[in-house]
Amino acid sequence: MIGTIAQQESGAIVLFEHRFFGLSNPYPDLSEESLRYLSVQKNIDDMIYFARNVELPMAGGDAVTPDEAPWVLIGASYAGAVVGWTMHQNPGIFYAGYSSSGVVEAITDFWRYFEPIRLNMPANCSSDVQAAVARIDEILDSGDVVAIQQLKETFGMGNVTYSDDFATALSTPLGFWQSLNPSVGPNSPFFQFCDALEVDTNNQTAPSEGWGVDHALSAYGKYFIDEFGITGDETWGTHDGTTDQYTNITIDNFERSWLWIVCNEVGWYQTGAPEGHPTLVSRYVDVASNQLICQLMFPNTFPEPPLPHVDEINSVFGGWDAHPERVVFVNAINDPWLEATVSSHSIDYQSTPLTPVLVGDGFHHAEVIMVNGELDPILGDIQQKVLGYMRSWLADWTPSTA
């Protein structure tokens, strides 16, 4: 979509790398001292400074400030949130925006990440994963050392020490859902996982209610061993602060930079659902287990379990309350990040001509890939509407007379 918008408007594309990601680092490492200069606000300030001061190596590239040329800010997922946040806080710099799956609301306990998966995955697979997880939590809650060890060995994780690490590992196949899109066929990793649970040795498929907990637990365990082998703390452990995942402070380490933002500002801890609500994920995957990772990754910054400053982020950048002008938001019912977007079921966000909201049947920012619009007519229609908004808005732009 980025290239298509640029072609339609005879525009140039500028790809902006976030500070402390990739090789865009003002300091030679990702130490806690260096990362003090990484924040949502500083990234937004960087983009504004760039737009106001850059001279691009092209014809006319010395006359491209926001007063001289219309800038369109485009991003997906976190970058999609940055589009909305930037244009809410700083109207008039970027003339138009396109936010795909933009997670505009910072949320500490983001258990609803798994809700679109639970509700839209094959019903038999959803039922059996829920049943298996309920049994797993029951065994972990029992404190029966022998039963817990047998449970871990069922999944090839007899050498995983901590229950939260074991439980988090079990959620790994659910993460494959986020990568689905119309160009992915039935042999994608997520559907291979469901087939392992729901297609028996006679090639019979389970009914919508699934096979039941005993089969589900056994099949889940077999899948895990076949996929990941016999594993232990060296693969899934998060409690040892001396391991490389915590001590590696070299640049171009996406996970470390991203966790700094997560732990300090936006949260989005992906956890098991509250008691009384159906869950695909063990309740041993909780806020505390995420906080521990933050503390081990950044021990000097977080001597105590951190609570990200989500209220401040939502207040400063608007969150669900912001309606930045000339920003089109595109979301999808299958997107696990849906409940942090303006299309969340927690709010009633009104689409308007200047802040339109388009909701499709796709997955996480699927419509930004043009071929997905050819495969899915609903996504194709959304793509054309986005192009239409850009055409209409940019036709109204005039240079500043200031």
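This section describes the strands, cores and disulfides of a predicted model. Residues are numbered from 1 along each chain as its sequence is written, and side-chain values use heavy atoms, with hydrogens and water left out. Because the model is predicted, local features require pLDDT of at least 70 and side-chain atom pairs count only at pLDDT 80 or more, whereas totals for chains, interfaces and linings use all residues.

Helices (H or I, at least four residues) and strands (E, at least two) are DSSP runs, numbered from the N terminus. Strand β1 (residues 72-76) pairs with strand β2 (residues 96-100) in the parallel sense over five bridges; pairing requires that DSSP find at least two bridges between two strands. Within this pairing, Ala-96 of β2 is the bridge partner of Val-72. The covered face of β1 consists of Leu-73 and Gly-75, while Val-72, Ile-74 and Ala-76 make up the uncovered one. In a regular strand the side chains alternate between the two faces of the sheet.

Together with helix α4, the strands β1 and β2 make a right-handed β-α-β unit. A crossover is right-handed if, with the strands pointing away from the viewer, the path from the first strand over the helix to the second runs clockwise. Thr-86 lies in α4, which spans residues 78-89. This threonine has a relative accessible area of 0% and is therefore buried (buried means under 20% relative accessible area, exposed over 50%, partly exposed in between; 1.4 Å probe, protein chains only). Beyond its neighbours within four places in sequence, Thr-86 is in contact (heavy atoms within 4.5 Å) with Ile-44, Met-47, Leu-73 and Phe-94.

A nonpolar core is a set of buried Ala, Val, Leu, Ile, Met, Phe, Trp, Tyr and Cys residues joined through side-chain atoms within 4.5 Å. The largest such core holds 91 residues, of which Trp-85, Phe-155 and Trp-268 touch the most other members. Helix α6 gives the most to this core, with seven residues. Trp-85, with neighbours within four places in sequence left aside, contacts Val-40, Ile-44, Tyr-78, Val-103, Val-104, Val-266, Trp-268, Ile-313 and Phe-317. Another core, of 15 residues, lies apart from the largest one and includes Tyr-95, Tyr-98, Val-386 and Met-390.

Ile-5 is found in helix α1 (residues 2-9) and counts as buried because its relative accessibility is 5%. Leaving aside neighbours within four places in sequence, Ile-5 is in contact with Ile-74, Tyr-98, Val-386, Leu-387 and Met-390. The C-alpha atoms of Ile-5 and Ser-392 are separated by 12 Å, although these residues are 387 apart along the chain.

Two disulfides are present in the structure, a disulfide being a pair of cysteine sulfur atoms within 2.5 Å. In the pair formed by Cys-125 and Cys-194, the sulfur atoms are 2.2 Å apart. This pair links distant parts of the chain, with Cys-125 in α6 (residues 123-142) and Cys-194 in helix α9 (residues 189-198), 69 residues apart. The torsion about the S-S bond of Cys-125 and Cys-194 is about -85 degrees, so this disulfide is left-handed. Both Cys-125 and Cys-194 are buried.

The other disulfide joins Cys-263 to Cys-294, with an S to S distance of 2.0 Å. Distant parts of the chain are again linked: Cys-263 belongs to helix α13 (residues 254-266) and Cys-294 to helix α14 (residues 287-297), 31 residues apart. The S-S torsion of Cys-263 and Cys-294 is about -85 degrees, so the disulfide is left-handed. Cys-263 and Cys-294 are both buried. With bonded cysteines counted along the chain, the disulfides follow the pattern 1-2, 3-4.
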